[in-house]
Amino acid sequence: MITEENNILDFKPLQDAVNQLKNEIAEIIVGQHEMIDMLIAAVLSNGHVLLEGVPGIAKTLTAKVMARLINARFSRIQFTPDLMPSDVTGTSVFSAKTSSFDFIPGPIFANIVLIDEINRAPAKTQSALFEVMEERQVTIDGKTYPMENPFLVFATQNPLEHEGTYRLPEAQLDRFLFKININYPNLAQEIEILKKANDRKDIKETELIKPVLSGIELTSYQRSVRFIHIEEQLIRYIAEVIQKTRNHASIYLGGSPRASINVLTACKAIAAMNGRNFVIPEDIQTVLYPVLNHRIYLTPEKELEGLTEKQVIEDVIASVEIPR
């Protein structure tokens, strides 16, 4: 990816890998092109993703397909109200043979972790993810266990108004690079979904998936993305947009410095996916909504008026001058 002679970034292999990922996903997932682009961008950014939508629109399947396309250790955790933190991270068990405690790793110890219905578990269990998602490590009984690279969490959740769910803590939400909202397919897409399901007969979707990337290749691409050039004026643009969310009349809680860093990282991934070794303003604007939509909180008055996060974010973007 990086040639030693002149330190030039060659993104042709990365682009080829991205196209392969899209082609394989398209065999299973119909439409949802923007969502797939953001999911790939998050993977290249080494960021965690939260997928939100009503039941039955392939949130879990999408995350599972992406995970299977990366030839690395995969784990799935079904969050339920009775799930304990140790069920996620692991626990120390006393061994009679050695007269000592041995650590038994939990399902979080994998390269790609799918957490299904993350908002079904209470805050105590969700808090077990705080350290591992941010610092890529787990501390049990005073001992720290680092995670292997790559380490990515894909989580799904149903909308908060559905019965039997818990609101994710703000600190938990802030650890996700993107929150991607998945909508219903249109009529043509739904017809294609039915045709594909009919053609598969008794073959499971995941049986059609062939790995595209190894864990080592993905880690290399992630490293290359960090070397993409971004002009100082574009860095200032990111900061101005995030600052605007903290001083907007419709926003009660704006974006954090982590949001700024996430925008910086994600826009580089978008540039790489488009074969560029430099960032343009459109790359930044592409990632602003998935980075910010779960980090800003509207004032109660604006919520009552029916204003949405998307409308406010669009207003924020329009109010900041684009550098050229």
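Okay, let's start with a salt bridge: Lys-12 and Asp-16 pair up through their side chains, with 3.0 Å from N to O. One thing to keep in mind throughout is that this is a predicted model. Both residues sit in helix 1, which covers residues 12–26, and they are four residues apart, so about one turn of the helix. How exposed is Lys-12? Lys-12 comes out at 48% relative accessibility, so it counts as partly exposed. Asp-16 is partly exposed too, at 32%.

As for accessibility, Asp-37 has 25%, which makes it partly exposed, and Lys-22 is partly exposed with 30%.

Next pair: Glu-148 and Arg-73, where the salt bridge has an N to O distance of 3.7 Å. What does that one tie together? Glu-148 is in the loop between strand 8 (143–146) and strand 9 (152–157), and Arg-73 is in the loop between strand 2 (70–71) and strand 3 (74–78), so the bridge connects parts that are 75 residues apart in sequence. Glu-148 is partly exposed at 48%, and Arg-73 is partly exposed at 41%.

There's also a group of charged residues to look at on the screen: Glu-134, Asp-174, Arg-258 and Arg-295 are linked in a network of salt bridges. And if you want the total, the model has 13 salt bridges.

While we're at that loop between strand 8 and strand 9, have a look at Pro-150, because it lies there as well. The peptide bond joining Asn-149 and Pro-150 is cis, with omega about -5°. For background, most peptide bonds are trans, and most residues other than glycine have a negative phi.

Which way does phi go at Glu-117, positive or negative? Positive, about 55°, although Glu-117 is not a glycine. You'll find Glu-117 in the loop between strand 6 (112–116) and helix 5 (123–126). At 23% relative accessibility, Glu-117 counts as partly exposed.

Arg-136 also has a positive phi of about 55°, and it isn't a glycine either. Arg-136 belongs to the loop between helix 6 (130–135) and strand 7 (137–140). Is Arg-136 buried or partly exposed? The relative accessibility is 19%, and the cut-off for buried is under 20%, so Arg-136 counts as buried.

Last topic, the inside. In soluble globular proteins, nonpolar side chains tend to be buried together. Here, the largest nonpolar core has 71 residues, and those with the most contacts inside it are Leu-44, Phe-154, Phe-178 and Ile-284. Take Ile-284 from that list: leaving aside residues up to four places away in sequence, Ile-284 touches Leu-234, Tyr-237, Ile-238, Val-263, Cys-267 and Val-279. Apart from that core lies another one, of 27 residues, including Phe-109, Ile-118, Ala-121 and Tyr-145.

How values were computed:
Residues are numbered from 1 along each chain as its sequence is written. This is a predicted model: local features need pLDDT of at least 70, side-chain atom pairs count only at pLDDT 80 or more; totals for chains, interfaces and linings use all residues. Side-chain values use heavy atoms; hydrogens and water are left out. A salt bridge is a side-chain nitrogen of Lys or Arg within 4 Å of a carboxyl oxygen of Asp or Glu. Helices (H or I, at least four residues) and strands (E, at least two) are DSSP runs, numbered from the N terminus. Buried means under 20% relative accessible area, exposed over 50%, partly exposed in between (1.4 Å probe, protein chains only). A nonpolar core is a set of buried Ala, Val, Leu, Ile, Met, Phe, Trp, Tyr and Cys residues joined through side-chain atoms within 4.5 Å. Contact means heavy atoms within 4.5 Å.
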